[in-house]
Amino acid sequence: MLISDVMNTDYRTVARSESLKTAVGVMLRADVEAVIITDEDDPSGIVTRRKALIASFKTDDPLSEIPLAGFSSGFPTSVGPDSTVLFAIGRLVSAELEVLPVVDGLDLVGVVTRQDMLDEYTNLRNEAFDTLERRSDWESTTFDHP
């Protein structure tokens with residue numbers, strides 16, 4: 001299973017000139033784990049719910065006073081659309097992330113979350129067990145020949 005099969009191409013963006021309050025508002029309204037920070041419409045970073053919570057805790061400032069400009073540029077790690085889900089899970093676990101940007105060359109083409117991959121893994125696992133069960137039923141069927 002490839003990342004291109006599970007990634008979300010409808011990701012949310014917020015301009016780097018905005019505040020963390022704007023980013024958190026977008027995440028809450030869209031029910032997403034992260035937003036992409038943009039600089040003049042070019043992807044330049046990512047803010048996750050976890051990073052927002054950490055920034056709020058560390059600064060003890062209202063979200064409206066925490067600028068997105070203070071968040072690091074770039075992506076800590078990413079995967080390509082042709083990467084396998086297993087490879088991406090390894091990246092998520094080793095980097096302790098919930099969301100991975102999906103990059104094709106220099107272009108951001110989507111995002112994939114830990115939950116996306118868990119859901120897909122569960123679906124594949126269930127399909128595999130169903131197939132094994134059907135095979136077992138078929139093999140145990142006796143045919144009477146005249």
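## Strand S2 and its partners

Strand S1 (residues 13-15) and strand S2 run parallel and are joined by three bridges, where strands are DSSP runs of E with at least two residues, helices are runs of H or I with at least four, both numbered from the N terminus, and two strands pair if DSSP finds at least two bridges between them. Within this pairing of the predicted model, Val 14 has Ile 37 of S2 as its bridge partner. Together with helix H1 (residues 20-30), S1 and S2 make a right-handed β-α-β unit, the hand being right when, with the strands pointing away from the viewer, the path from the first strand over the helix to the second runs clockwise.

S2 also pairs with strand S3 (residues 42-48), in the antiparallel sense and over six bridges, with Thr 38 opposite Pro 43. Two residues lie between S2 and S3 in this hairpin, and Glu 40 in the turn has a positive phi of about 50°. Five of the six residues of S2 (residues 34-39) are buried, that is, under 20% relative accessible area with a 1.4 Å probe and protein chains only.

## Overall form

The protein comes to four helices and five strands, following the pattern β-α-β-β-α-α-β-β-α along the sequence. Its radius of gyration, taken over C-alpha atoms, is 21 Å, well over the 15 Å that the globule rule (2.2 Å times the number of residues to the power 0.38) gives for 146 residues, so the protein is more spread out than a compact globule.

## Basis of the values

Residues are numbered from 1 along each chain as its sequence is written, and side-chain values use heavy atoms, without hydrogens and water. Because the model is predicted, local features need pLDDT of at least 70 and side-chain atom pairs count only at pLDDT 80 or more, whereas totals for chains, interfaces and linings use all residues.

Key:
Buried means under 20% relative accessible area, exposed over 50%, partly exposed in between (1.4 Å probe, protein chains only).
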